[in-house]
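Please open the structure in your viewer and keep the selection tool at hand. Each stop on this tour says what to select next and then what is there.

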Amino acid sequence: MFEALSAKLRDGWEVELEHGDIRDDAAHRAMRLQLLHLHDPTLLAFVKRGSTLNDVDAIVALMSTTTLKNVSDADLAELCFALGPVPLTRIIGDLLKQAKTDDELEGIQAIAFVRHSLLSVMTPSSSR
Amino acid sequence: MSQSSAPLADATSDDRDQRESRVEIAPKFVPTPERLSQYLEMNIKEVASALQSVEGRQMIYQKLMEHQQALLSIDPSFNPDLLREQLELAGEVLHQKERYLQDVQSPEKKGLLKKAWEKMKGFAGRHPFVTTILILALIAGGAALTLYATGNLELVAARLGLGKMFGAADAAGEMMPPAPVTPLPPGAGELGIPPPANPIPGAGKPI
């Protein structure tokens with residue numbers, strides 16, 4: 001996927017492959033969600049506001065105007081754990097297909113850093 | 001409870017085909033540290049630690065089984081065999097989470113991850129990562145439970161530009177938990193849910 005980018009954009013970047021056999025089934029995803037703890041006031045206010053909305057248009061409008069700008073690092077880490085490495089891989093793949101600038105690649109790199117940590121704890125030791 | 005979902009390819013910005021929003025969410029007993037702490041009146045850290053050892057899980061299992069009838073009244077689908085599996089799963093995931101949080105907060109990685117978090121926080125609204133994280137937060141908080149159970153959360157994802165990604169991932173069951181989760185356990189506190197007055201009759205003897 002990275003090779004599909006222009007030579008100019010690829011210049012200066014190196015690709016490191018992830019290894020390991022990830023077992024991430026529905027039961028694990030559900031349990032991770034149950035173990036999620038949010039404390040950030042910004043996120044809690046967002047969730048509280050979301051809980052008052054029952055239709056698609058209203059939720060879309062709320063989400064369209066919400067960013068992660070003031071969210072705490074701790075809550076972002078919690079949410080990334082609950083999400084897991086597979087959806088992050090989907091997002092990385094989706095973003096790579098559209099990347100046109102170094103800034104966008106830096107964003108992908110940031111997500112990949114977090115995914116690497118997730119993979120390191122979720123890969124059975126025998127397959128690492 | 002039934003769960004319907006429209007093909008994401010059919011979901012457009014003009015889609016007003018929102019499904020019936022009234023669904024019944026059956027209560028489930030999920031052995032999270034918060035919930036176990038509440039039901040067994042043990043310290044949360046002690047419970048979390050116990051969940052990560054075979055002996056600890058056995059102790060928790062035995063204590064819970066002393067209150068099987070009470071648990072059945074809370075969760076009619078309560079099953080002792082399933083409880084054992086859930087306790088093992090909770091222990092495994094807790095262990096993974098502890099290692100992950102230690103890793104991202106380790107002195108060697110803290111600087112690198114700090115930059116990564118800042119980069120993520122700078123993503124614009126409707127960025128795929130932002131949208132995915134916000135959907136997850138809504139589900140976790142129980143705010144989107146009805147939307148999720150009726151499949152309308154997929155419409156939200158589609159309207160925010162994640163239709164293709166969610167569609168492909170959900171076909172493989174990869175993107176989000178496959179069933180509506182129960183809201184965070186009563187007493188967890190983070191979302192302001194008050195604890196029940198008396199979780200399990202007779203529970204709470206010191207260990």
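Begin with the whole complex, which is a predicted model, and for which the predictor gives an ipTM of 0.92 and a pTM of 0.81. Colour chain B by confidence: its mean pLDDT is 74, and 65% of its residues reach 70 or more. Among the parts of chain B you can pick out helix α3 (residues 54-65), where confidence is highest at 96, and helix α10 (residues 163-171), which has a mean of 67. Now select residues 1-23 of chain B, where pLDDT stays under 50 and the model has 43 contacts beyond four places in sequence. Residues 179-207 of chain B also have a pLDDT below 50, with 50 contacts in the model beyond near neighbours in sequence. Where pLDDT is low, the predicted coordinates should not be read in detail.

Next, show both chains together and select the residues where they meet: 57 residues of chain A are in contact with 60 residues of chain B. On the chain A side, helices that each supply at least two residues include α2 (26-34), α3 (41-51) and α7 (102-122), and α7(A) gives the most, with 11 residues. Coloured by type, this side of chain A divides into 35 nonpolar, 14 polar and eight charged residues.

Then select Ile133(B), Leu136(B), Ala137(B) and Val156(B), which touch the most other members of the largest nonpolar core, a set of 82 residues. Helix α7 (residues 128-140) of chain B provides the largest share of this core, 10 residues. Which residues does Ala137(B) touch, not counting those up to four places away in sequence? They are Leu38(A), Leu43(A), Phe46(A), Val47(A) and Leu79(A).

Return to α3(B) and select its buried residues, Arg57(B), Ile60(B) and Leu64(B). They lie on the same side of α3(B), because they cover an arc of only 65° around the axis. What covers them includes α1 (33-40), α2 (44-51), α4 (68-74) and α5 (80-104) of chain B.

Finally, select Leu17(A), which is found in the loop between α1 (7-10) and α2 of chain A. Is Leu17(A) buried or exposed? Leu17(A) is exposed, because 4 other C-beta atoms lie within 10 Å, and 12 or fewer count as exposed.

How values were computed:
Residues numbered from 1 in each chain as written. Chains lettered and ligands numbered in written order. Predicted model: local features only at pLDDT ≥ 70, side-chain atom pairs only at ≥ 80, totals over all residues. Contact = placed C-beta atoms within 7 Å. Helix = DSSP H or I, 4+ residues; strand = E, 2+ residues; numbered from the N terminus. Nonpolar A, V, L, I, M, F, W, Y, C, P; charged D, E, K, R; others polar. pLDDT = per-residue confidence, 0-100. Core = buried A, V, L, I, M, F, W, Y, C linked by C-beta atoms within 7 Å. Buried ≥ 20, exposed ≤ 12 C-beta atoms within 10 Å, placed from the backbone. Arc of directions from axis to C-beta.
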